[in-house]
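Subject: Handover of a structure, with notes

Dear colleague,

I am passing on the structure below, and my notes on it follow. Please read them with the sequence and the coordinates open beside you.

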Amino acid sequence: MAGTGKSTISRTVAQNLAERKRLAASFFFTRGKKDISHSRMFFTTIAAQLANSLPVLRPFISDAIDNNSAIFKRGLREQWNQLILNPLKNAPTQSIRLVVVIDALDECDSMEDIQLILLLLAEAKDLETVRIKIFLTSRPEIPIFDGFRQLSGEAYQDFILHNIPLDTVNADISTFFVQKLSPLKAKHGLGTPWPDEQIIEQLVERAAGLFIYAATTLRFIQDGIDGPEEQLALILSASKSSRSATKHLDGIYTTLLQHSVLGKRGDEQECEQECEQLAGRFRQVVGSLVVMFNIMPARNLAQLLQIPPKMVSRTLNSLRSVLNVPENESQPVRLFHLSFRDFLQASQRCSDSRFQIDQEERHTSLFRKCMSHISQLQENICNLWGPGVLITEIPSDTIQTSILPHVQYACRYWLDHWRLGNPRQEDIKTIRQFLEQHLLHWLEGLSLIGEVSNGVQMIITLEEILSVSFNADYFSQEIVLT
């Protein structure tokens with residue numbers, strides 16, 4: 001399956017299957033988000049869910065783990081064979097048919113792994129004891145097509161959303177606009193008809209078959225600075241000169257950013273300095289959300305970035321058309337749709353340079369913020385009552401209040417941000433100083449939040465990077481990482 005709207009469809013399918021007790025397992029890839037942006041935990045996660053949904057598999061999966069305790073570190077093929085395929089082959093015959101849902105395979109960060117996953121999953125077609133079907137969604141990218149070309153025709157069936165007749169899609173989008181805009185007419189006492197058929201037709205034309213355009217347009221009209229009529233007029237007056245395949249979507253993103261971030265200052269030359277300050281705050285706050293490896297509440301984001309919470313809230317609240325900003329401040333902020341992330345990171349799409357996100361610059365900035373936080377770690381962070389205390393004996397709320405979410409994030413992801421940024425020699429000096437003074441404090445923090453194994457891997461990765469880049473001798477003379 002390919003096309004816009006894939007995530008919504010796959011989540012709906014997973015929910016329906018779960019209600020009918022047909023869902024065997026699911027995995028939703030998201031690029032740049034912790035453990036769901038790569039394949040390292042893909043098959044182990046599927047295996048764990050299969051053991052829960054199909055109890056007859058549990059002893060076979062358990063035996064596979066007992067016979068190879070390092071299976072979680074093995075390659076994808078070995079994990080597939082030992083944790084999934086062999087248990088399914090050896091299980092007693094079952095009459096039930098189960099489905100595995102895999103969403104956004106194109107969001108996996110390894111093209112080679114994508115193609116290997118497709119090849120391995122296709123082997124499920126030969127199972128005789130347990131019937132498993134795979135429901136997989138993805139954008140139509142070359143590695144996906146190449147992966148499917150290597151499979152026999154009987155192994156899979158395509159359903160391409162882009163092949164649905166445009167008239168059918170447009171009719172659905174038209175119905176969506178009519179039904180969703182009608183309550184606004186009553187709420188704001190607008191005249192009848194509003195919007196008229198001609199305006200609906202214009203909106204449908206601009207949507208160009210993209211439901212994300214329709215949904216973003218609706219949120220902009222509902223939650224904008226001005227009333228619905230003014231917001232709608234802004235959308236209809238937006239330029240359509242972009243030549244990209246996503247020109248209509250890019251146009252509405254540009255319009256809502258200029259209006260929501262800059263307000264009515266956008267065209268006033270005398271407000272250029274203030275506009276740049278607002279755009280700079282946008283790049284700092286929203287740009288960080290775009291590249292971060294895990295989401296967090298607005299207040300913790302403010303702590304991570306070391307800026308006043310009111311500034312962060314003001315920036316986020318002005319962008320409710322594209323951001324899910326929960327009323328409950330303990331809930332994380334997230335993007336409504338990944339197309340907004342892609343738009344901000346593509347200079348050829350984001351025509352207003354004030355809103356373009358430089359990924360390397362953002363990663364470097366976040367690395368430095370992370371280092372600032374973890375360099376303040378001290379011995380015995382949780383004020384424990386003595387040495388040798390088991391993690392299980394420490395109340396979870398003690399850990400959460402002693403190591404706040406933004407510090408936990410910094411402990412876990414500082415190296416990832418440094419690796420993907422634009423590091424300088426001064427950053428290597430910062431890392432060296434940190435490891436000299438706070439290595440044990442950092443490892444203690446990782447242990448408390450259950451991430452010590454990742455910490456060891458980070459040290460190994462850091463040593464590998466420095467052995468082939470920058471001045472490795474300068475670094476290794478001062479501190480031994482092995």
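The structure holds 14 aromatic pairs, a pair being two rings of Phe, Tyr or Trp (its six-membered ring) whose centres lie within 6.5 Å, called stacked if the planes are under 30 degrees apart, edge-to-face if over 60 and tilted for the rest. One of them joins Phe-27 and Phe-42, whose ring centres are 5.3 Å apart and whose planes stand at 85°, so this pair is edge-to-face. Because Phe-27 belongs to strand E1 (residues 23-28) and Phe-42 to helix H2 (residues 42-53), the pair ties together parts that are 15 residues apart in sequence; helices (H or I, at least four residues) and strands (E, at least two) are DSSP runs, numbered from the N terminus. Phe-27 is buried, with a relative accessible area of 5%, and Phe-42 is buried as well, at 1%, where buried means under 20% relative accessible area, exposed over 50% and partly exposed in between (1.4 Å probe, protein chains only). A tilted pair is formed by Tyr-409 and Tyr-413, at 4.8 Å centre to centre and with 45° between the planes. These two tyrosines are four residues apart in helix H18 (residues 405-420), and are therefore separated by about one helical turn; Tyr-409 is buried at a relative accessible area of 4%, and for Tyr-413, also buried, the value is 4%.

Before going further, please note that this is a predicted model, in which local features need pLDDT of at least 70 and side-chain atom pairs count only at pLDDT 80 or more, whereas totals for chains, interfaces and linings use all residues. Residues are numbered from 1 along each chain as its sequence is written, and side-chain values use heavy atoms, with hydrogens and water left out.

Ring pairs also link Phe-27 and Phe-42 with Phe-29, Phe-43 and Trp-80 into a cluster. Elsewhere, the charged end of Arg-219 sits over the ring of Phe-336, 3.9 Å from its centre; the criterion is that NZ of Lys or CZ of Arg is within 6 Å of the ring centre and within 35 degrees of the ring normal.

Strand E1 is also part of an open sheet of three strands, in the order E1-E2-E3 and with parallel pairing, two strands being paired if DSSP finds at least two bridges between them. E1 and strand E3 (131-136) stand at the edges, each with a single partner strand, so one side of each is left without a neighbour in the sheet. The twist averages 15° from one strand to the next, with axes taken as lines fitted to C-alpha atoms, for helices over the stretch in contact, and angles running from 0 to 180 degrees between N-to-C directions. Five bridges join E1 to strand E2 (residues 97-103), and Ser-26 has Val-101 in E2 as its bridge partner. Helix H2 lies across E1 and E2, and runs at about 155° to E1.

For the chain as a whole, the secondary structure comes to 21 helices and five strands, and 45% of the 482 residues count as buried. Of the contacts with a separation of 6 or more, 73% are between residues 24 or more positions apart, contact meaning heavy atoms within 4.5 Å.

Some single residues may also be of use to you. Asn-68, in the loop between helix H3 (58-67) and helix H4 (76-90), is buried with a relative accessible area of 12%, and, not counting residues up to four places away in sequence, touches Arg-74, Glu-78 and Gln-82. Most residues other than glycine have a negative phi. Asn-380, however, has a positive phi of about 55°, and phi of Asn-383 is likewise positive, near 55°. Asn-380 is found in the loop between helix H16 (359-374) and helix H17 (396-402), and Asn-383 has its place in the loop between H16 and H17 too; Asn-380 is partly exposed at 31% relative accessible area, while Asn-383 is exposed at 65%.

Finally, Val-291 is found in helix H12 (residues 272-291) and is buried, with a relative accessible area of 6%. Leaving aside neighbours within four places in sequence, the residues in contact with Val-291 include Gln-345, Arg-362 and His-417.
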